[in-house]
Amino acid sequence: MATLIDKPLEVCKDHYLLKIDIGISLSHPGQFANIKIGKNDPLLRRPFSIFDHKENIIEIIFKVVGKGTEILKNICKAGYLDVIAPLGQGFSITENKNTLLIGGGVGNAPLYYLAKQLKAKNNIVNYLYAARSKDYIFFEDKYRLISNTFYLATDDGSGGRKGTACDISGELAGGSGYDIVYTCGPAIMMAGIVRIFQNPDTRIEVSLENYFGCGIGLCSGCAVETNAGIKRACVDGPAFDGRVIDWGSLLQ
Amino acid sequence: MNTSVKIGSLILKNPVTVASGTAGYGEELSAFVNLAELGAVFTKGLSLEPREGNKGPRIIETSSGVLNSIGLQNVGLKAFLKEKLPFLLSKNAVVIPNIAGHSIDENIELCKILSETEGISALELNVSCPNVEQGGMAFGRDIRTFSKLLRKARKATKGILIVKLSPNVDDVAAFAKAAEDFGADAVSAINTVLGMKIDVKSRKPYFLRKSAGLSGPAIKPIAVRIVYEIFERVNIPIIGLGGISCFEDMLEFIMAGASAVSIGTMNLVNPSVASDCIAKLEEYMVKEKINDINELVGIAHR
Ligand SMILES: Cc1cc2nc3c(=O)[nH]c(=O)nc-3n(C[C@H](O)[C@H](O)[C@H](O)COP(=O)(O)OP(=O)(O)OC[C@H]3O[C@@H](n4cnc5c(N)ncnc54)[C@H](O)[C@@H]3O)c2cc1C
Ligand SMILES: Cc1cc2nc3c(=O)[nH]c(=O)nc-3n(C[C@H](O)[C@H](O)[C@H](O)COP(=O)(O)O)c2cc1C
Ligand code: FES
């Protein structure tokens, strides 16, 4: 049984932090929590990546985009919350490598937890944080602190450099020497990143956030086409080798 | 206290089952429910060869329901027999495969092979899937095709044959009656209700196949009404499903005439809901001093 520790905390425009005691102390970066909001409407659970996990408490950052997240944001007190977590396959954690993490918008959320674990395994963490504008950046300090090198970019230039995640990645890929690139954000951005980092020696891991029916492998609603056939994003992912994904089908 | 019900000669230890397409092959669900405790597990619609399912979006929530266009993605007969069935049997599940061939011949072959396979308790013939080009609902909406398929399926099936009916016809009970006349042991009602969503941004139908199947609490009143109507017309048992989300919902189906029930969409939301229903059933029977669950079947008609 899970317990919401405190009411949602606004961390930047439209983004909120939830702290939930799930009674489990182990999870992997890239795994998600599936939260039930309301009884029959909204009906399906809503999946959110784990932003951080300490002892039995997971943290989640969610962006308000519709019915469920609107209700979630308005929860006004701590208490019981119906959560299934942790779920899915997370990112692989390397050791002693030169890594680049690229987050777009709320897609930065799972990468914070990842950065922490990569750091603990003696990797160099280079971080590119991309957002729409300055107003949409959450916990910049935390990200800065965990990274060896930190790049900030906004589409409109209101914070950090002006440019999209793909614009800046294009420059970073030039000098490169990254052993592994991890990315999470809109599908179109991740598809772009996969295209940009062409050196086959650079591994690319993405975290897919397509629409889920169940999040536990029952419905096949989250199917993605890969070069090894159809996979279920919720149980085979959400983290995948970016090069196996058929991005064309995902972007339709 | 007796919670067991009969589907033809098959005895289910209780009336609570999980519906085809919402329980996979039991592997994932077994993390949440003890499969042995369920009345039965209806596995995903099966074809001879594996199927990849439909392209494009496959599922989306609607008010108190979901629309799906999965398109019968399944592992195919060979992998089912080699990998999936042994797992289910190792968990002591009562296994009822859902047969969903493209053609009459494919369905007949599946009926034949599966009904002769050790460990399979019954077959559910799916003539009601709205999400495929060939087969599926096409068999379940035209009474002549339906009858032709059933006559052959009955012949080919050694054991218990259940027919899963489509709600997308004027008179579902007429199809149930035909199923009974052709020797089906039971009917399941209902499969998903045809629906559609328009994506207002692209100004096009959201699903590539345009229409999709609606399920979940939104369709429960339709399903209860259909079960009620079928009960008035046939003597074979009915497996009632459509939007069951809790024990009270399940009672409605039983009182309308269902001998057993299936939980579908709500497994996706609360994967332990079937277990909860079983626990509540026993409590309820004690409290209401009901010795045999069969006393309640169709009680709303009396
Ligand atoms: C593995 C995974 C991890 C995720 N992690 C996070 C996270 O850490 N933080 C976060 O804010 N969000 C995350 N998401 C997305 C989040 O689940 C959705 O934003 C949320 O379910 C929307 O719920 P809602 O009821 O507010 O929106 P709805 O009312 O259901 O939908 C509002 C609009 O958003 C669209 N939409 C809904 N879900 C998705 C989706 N998954 N992908 C694309 N469009 C969608 C709908 O089509 C609709 O147009 C994640 C998704 C997945 C699959
Ligand atoms: C994702 C999904 C997949 C389904 N797949 C099948 C299937 O393969 N065969 C079948 O007979 N019914 C299938 N169904 C229909 C269900 O078994 C059930 O008849 C229907 O959803 C109504 O019940 P519910 O409202 O409890 O879900 C599927 C339903 C859903 C939601
Ligand atoms: S969301 Fe149901 S199988 Fe992945």
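The exercises below, each with a worked solution, concern a predicted model of two chains and two ligands.

Residues are numbered from 1 along each chain as its sequence is written, and chains are lettered from A and ligands numbered from 1 in the order in which they are written. Local features need pLDDT of at least 70 and side-chain atom pairs count only at pLDDT 80 or more, whereas totals for chains, interfaces and linings use all residues.

**Exercise 1. The domains of chain A**

Task: State into which domains chain A is divided, and describe the side of domain 1 that touches domain 2.

Solution. 
Step 1. Chain A consists of domain 1 (2-87) and domain 2 (98-207); domain bounds come from an automatic or database domain assignment. The centres of these two domains of chain A, taken over C-alpha atoms, are 23 Å apart.
Step 2. Domain 1 of chain A gives 13 residues to the contact, and domain 2 of chain A gives 13 residues. Two residues are in contact if their C-beta atoms, placed from the backbone, lie within 7 Å.
Step 3. On the side of domain 1 of chain A, two or more residues come from each of β2 (9-12), β6 (52-54) and β7 (57-63). Helices (H or I, at least four residues) and strands (E, at least two) are DSSP runs, numbered from the N terminus.
Step 4. This side of domain 1 divides into 6 nonpolar, 4 polar and 3 charged residues. Ala, Val, Leu, Ile, Met, Phe, Trp, Tyr, Cys and Pro count as nonpolar, Asp, Glu, Lys and Arg as charged, and the others, Gly among them, as polar.

**Exercise 2. The contact between the chains**

Task: Determine how many residues each chain gives to the contact between chain A and chain B, and describe the side of chain B.

Solution. 
Step 1. Chain B contributes 28 residues and chain A contributes 21 residues.
Step 2. In chain B, at least two residues of this side come from each of β5 (59-62), β6 (65-68) and α8 (265-269).
Step 3. By class, the side of chain B that touches chain A has 11 nonpolar, 12 polar and 5 charged residues.

**Exercise 3. The two ligands**

Task: Describe the residues that surround ligand 1 and ligand 2.

Solution. 
Step 1. Around ligand 1 there are 21 residues, of which the closest are A:Ser49, A:Gly66, A:Gly68, A:Thr69 and A:Glu209. A residue is near a molecule or strand if its C-beta atom, placed from the backbone, lies within 6 Å of it.
Step 2. In chain A, β5 (46-49), β7 and α1 (67-73) each supply at least two residues of this shell; the largest share, 4 residues, belongs to β5(A).
Step 3. The shell around ligand 1 contains 12 nonpolar, 5 polar and 4 charged residues.
Step 4. Ligand 2 lies between chains A and B. It is surrounded by 28 residues, and the closest are B:Gly21, B:Gly45, B:Ser215, B:Gly264 and B:Thr265.
Step 5. The shell around ligand 2 comprises 11 nonpolar, 15 polar and 2 charged residues.

**Exercise 4. Helix α9 of chain B**

Solution. 
Step 1. Helix α9 of chain B (residues 273-287) has 15 residues, and its span from first C-alpha to last is 21 Å, close to the 21 Å expected at 1.5 Å a residue. The expected span is 1.5 Å times one less than the number of residues.
Step 2. A residue is buried if 20 or more other C-beta atoms lie within 10 Å of its own, exposed if 12 or fewer, and partly exposed in between; C-beta atoms are placed from the backbone.

**Exercise 5. Backbone geometry**

Task: Locate the cis peptide bond between A:Ala85 and A:Pro86, and describe the positive phi of A:Ser220 and of B:Lys289.

Solution. 
Step 1. Most residues other than glycine have a negative phi, and most peptide bonds are trans.
Step 2. The cis bond joining A:Ala85 and A:Pro86 has an omega of about -5°, and A:Pro86 belongs to strand β8 (residues 79-87) of chain A.
Step 3. A:Ser220 has a phi near 60° and lies in the loop between β14 (203-207) and β15 (223-226) of chain A. A:Ser220 counts as buried because it has 25 C-beta neighbours inside 10 Å.
Step 4. B:Lys289, in the segment after α9 of chain B, has a phi near 55°. B:Lys289 counts as exposed because it has 7 C-beta neighbours inside 10 Å.
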